[in-house]
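Have a look at the structure first, then read on.

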Amino acid sequence: MTVASSAAAPPEAGRQGNYAGGVTRLVAFAADIGASWAIFTLALAGLGFAINLVTGKQVDLASRQILALVAIILWEFVYFAYQWSLAGKTMGMALVGIRVVATDGDPITPRQAVIRTVTLPLSFLILGLGFIGILLNKDRHALHDRLAKTVVVYSWDARAARLRWLAQREPTKPA
Amino acid sequence: MSPLPGTSRMEQLVESIAERVVNLVLDAVDINALVGQVDMDAVLSKVDVDGIVSKVDVDALVDRVDVQKIIDRVDVQAIIERVDIEQVIERVDIDSLVERTELGTIIARSTSGVASGVLDAVRAQGVGLDDFLARWVNRILRRSSADWPVGPAKLIASAPVGVPGTETTP
């Protein structure tokens with residue numbers, strides 16, 4: 001059973017602007033969570049080191065759980081909202097080649113980026129049912145997409161990828 | 001001067017009569033019908049075109065032509081404006097071109113690396129899995145997505161020309 005393009009076959013061409021599917025979006029989200037946590041941890045370590053260097057005191061966020069939680073929530077909000085409003089995609093989305101646009105295809109506004117970021121946790125809080133629309137709706141809307149009036153589409157240039165794939169093969173002789 | 005007196009007037013008379021007769025004959029004859037009856041193929045087959053051409057000094061002919069003057073009179077801009085570049089590009093089989101020429105090597109050198117190859121592969125796998133999942137969901141729900149929009153109207157309308165695969169989304 002074929003589930004995806006095999007290594008021997010070129011990537012499927014021309015998906016730019018098509019609604020992105022659940023797997024790609026899940027991979028992008030996982031990559032974003034990983035990236036945002038990595039950045040947060042590094043920033044925290046850097047901050048702790050700087051404070052220790054200046055004041056000689058150890059910073060221990062484990063004993064300040066509420067503060068840590070607020071910091072994480074704020075950071076995640078900034079991470080997603082800033083990137084969506086700036087470019088319509090996060091690092092994870094750029095990695096897998098998808099982006100967020102308005103339902104009519106226009107770039108999203110900063111307001112839509114903020115609404116999407118704020119309502120994203122809602123899709124989790126209702127036992128993940130907010131994401132079921134990605135599988136069932138014809139425009140692959142999740143709950144936070146519907147509330148922010150956005151959709152997620154493929155943005156990578158599969159045509160160029162196909163040409164690269166063809167180019168890497170030995171030139172064939174004309175018939 | 002005529003050898004006999006009155007010859008000049010006779011000649012004029014004969015000429016005017018001949019002219020009148022010829023006009024009457026031409027009026028009476030249907031030239032088009034006459035030409036239609038001529039077997040042009042037979043006529044042309046008797047013409048030694050090679051012989052005629054061989055007698056022509058093409059070099060001398062070309063030397064007499066002022067090519068620069070002709071070129072100066074050509075409105076290249078007008079010709080370019082009349083060419084439908086989009087249509088020309090659509091007729092070019094880029095895939096075949098890339099496969100058969102060194103253009104492929106140039107593109108490979110300029111655009112591909114290990115990272116971009118891996119990225120392409122990951123993305124292609126993602127798209128494949130998306131389609132696989134959507135196909136199974138549709139199968140379980142016993143529905144068809146053939147008439148569903150594949151994406152936002154503005155983005156689909158501006159999709160690259162001639163790119164296959166934008167027609168359906170499972």
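Two strands pair if DSSP finds at least two bridges between them. Helices (H or I, at least four residues) and strands (E, at least two) are DSSP runs, numbered from the N terminus. By that rule, strand E1 (residues 98-102) of chain A and strand E2 (residues 150-154) of chain A pair in the antiparallel sense, with 5 bridges. In this pairing A:Ile98 sits opposite A:Tyr154 in E2(A).

Before going further, some housekeeping: this is a predicted model, where local features need pLDDT of at least 70 and side-chain atom pairs count only at pLDDT 80 or more, while totals for chains, interfaces and linings use all residues. Residues are numbered from 1 along each chain as its sequence is written, and chains are lettered from A and ligands numbered from 1 in the order in which they are written.

Now for burial. A residue is buried if 20 or more other C-beta atoms lie within 10 Å of its own, exposed if 12 or fewer, and partly exposed in between, with C-beta atoms placed from the backbone. In E1(A), 4 of the 5 residues are buried, so the strand is largely enclosed by the rest of the structure. E2(A) is mostly covered too, with 5 of its 5 residues buried. A:Thr150, A:Val152 and A:Tyr154 point one way from E2(A), while A:Val151 and A:Val153 point the other way. In a regular strand the side chains alternate between the two faces of the sheet.

Here are the two chains side by side.

Along the sequence, chain A reads α-α-α-β-α-α-α-β-α. Two residues are in contact if their C-beta atoms, placed from the backbone, lie within 7 Å. Of the contacts in chain A with a separation of 6 or more, 65% come from residues 24 or more positions apart.

On to a helix pair: helix H2 (residues 65-87) of chain A and helix H4 (residues 110-125) of chain A pack at an angle of about 150 degrees, their axes 8 Å apart. Axes are lines fitted to C-alpha atoms, for helices over the stretch in contact, and angles run from 0 to 180 degrees between N-to-C directions. Among the residues that meet are A:Phe77, A:Phe80 and A:Trp84 in H2(A), and A:Val114, A:Arg116 and A:Leu120 in H4(A).

A:Ser85 belongs to helix H2 of chain A. Leaving out residues up to four places away in sequence, A:Ser85 touches A:Pro110 and A:Ala113. With 19 C-beta neighbours inside 10 Å, A:Ser85 counts as partly exposed. Its C-alpha atom is 9.5 Å from that of A:Val100, 15 residues apart along the chain.

Finally, chain B. Of the 22 residues of helix H1 (residues 7-28) of chain B, the number buried is 0, so H1(B) lies largely in the open.
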